[in-house]
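Hello,

Here is the structure we talked about handing over. Please have a look, and my notes follow below.

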Amino acid sequence: MRIAYFDCFSGVSGDMILGALLHAGVDEEAWRNELAKLNVPGYDLKVEMVVKEGISGMDVDVVLLETDEAHGRHLADIEAILDKSGLSQSIRTRAMGAFLKLAHAEAKIHAMTPETIHFHEVGAIDAIVDIVGACIGLEMLGVEKVYASPLPLNRGWVECAHGTMPVPAPATLELLSGFPLRPDDRPKELITPTGAALLAEFAERDPLGDILPAPPMRLRKVGYGAGKRDSWIPNLLRLMVGETYTDPIKTPYGTRRAPKQTAHS
């Protein structure tokens, strides 16, 4: 089984996930062609290799070419965009799953219903492209299950449509229910709502809703996705793609079994 493991040593965002997927082997031209089926105008994609503290990775920037007049969409607006697109049913379902999780998180924080929530930053075209693009990339890599490392829990402030918020932003933190968190001293937004929504939608959970650790895997690909908020730690998301295995291990040269333990006299 092919799995993906997101090593979030410097946090996670939608554009970092896109960069990691492309760096890990997603064909950029095919990915762009698939993303064009979203059929939303007014943006361009800037993809380039960058170096963060000595480690190279892919930087993906969704550049808005015009003002997004529908900034502040409802859940039904997002659903309509996906339904009218030429994307496959599987992509539409996973993308909608991420937006549903965002809507429920926002609704809980603001004491509203998911249907009445206004998506501000996460309803903009760039956020929609991030979420849909990530769903496309994972499918193109043939990933069947997704796992994630513990996430950094830090401090600081972020400006958003509702004013100044502590980080992680309240809705982002709500999305992280069931995830293991570790302390981090960097006073920056390390986990964005789109990054959290994608992990919340894709990461494997146990029956109680807790995030499962990654199983043993044979590593096949590694990719690094660059973030925009630099610090003394490389601002990168590391993606590992591989296949799960159990002994005996099948190889092109036959079956290899673990050596038997013998008793010593």
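**What I found**

Let's start with Glu201, which sits in helix α7 (residues 193-202); helices (H or I, at least four residues) and strands (E, at least two) are DSSP runs, numbered from the N terminus. This is a predicted model, in which local features need pLDDT of at least 70 and side-chain atom pairs count only at pLDDT 80 or more, while totals for chains, interfaces and linings use all residues. Residues are numbered from 1 along each chain as its sequence is written, and side-chain values use heavy atoms, with hydrogens and water left out.

Glu201 counts as buried because its relative accessibility is 14% (buried is under 20% relative accessible area, exposed over 50%, partly exposed in between, with a 1.4 Å probe and protein chains only). Its side chain makes a polar contact with the side chain of Lys101, at 2.9 Å (a pair of N or O atoms within 3.5 Å; within protein, one must be able to donate a hydrogen and the other to accept it, and residues adjacent in sequence count only if both atoms are side-chain atoms). Leaving aside residues up to four places away in sequence, Glu201 touches Arg94, Gly97, Ala98 and Lys101 (heavy atoms within 4.5 Å).

Helix α1 (residues 14-23) is mostly covered, with nine of its 10 residues buried. Just after α1, Gly25 has a positive phi of about 125°.

Now for the cysteines: Cys8 counts as buried because its relative accessibility is 0%, and Cys135 counts as buried because its value is 3%. A search of the whole structure gives zero disulfides (pairs of cysteine sulfur atoms within 2.5 Å).

There is one cavity of 30 Å³ or more. On a 1 Å grid over the protein atoms alone, a cavity is a set of points where a 1.4 Å probe fits but cannot get out, and lining residues have an atom within 4 Å of a point. Grid points are joined across faces, edges and corners, and a volume is the space filled by probe spheres set on the points. The largest cavity holds about 40 Å³ of space. Phe6, Ile17, Leu138, Val146, Leu198, Leu199 and Phe202 line the largest cavity, and α7 gives the largest share of that lining, three residues. The lining of the largest cavity has seven nonpolar residues, no polar and no charged (Ala, Val, Leu, Ile, Met, Phe, Trp, Tyr, Cys and Pro count as nonpolar, Asp, Glu, Lys and Arg as charged, and the others, Gly among them, as polar).

Best wishes

Definitions and conventions:
1 Å grid on protein atoms, 1.4 Å probe; cavity = no way out; pocket = protein on both sides within 12 Å on 5 of 7 lines; lining within 4 Å.
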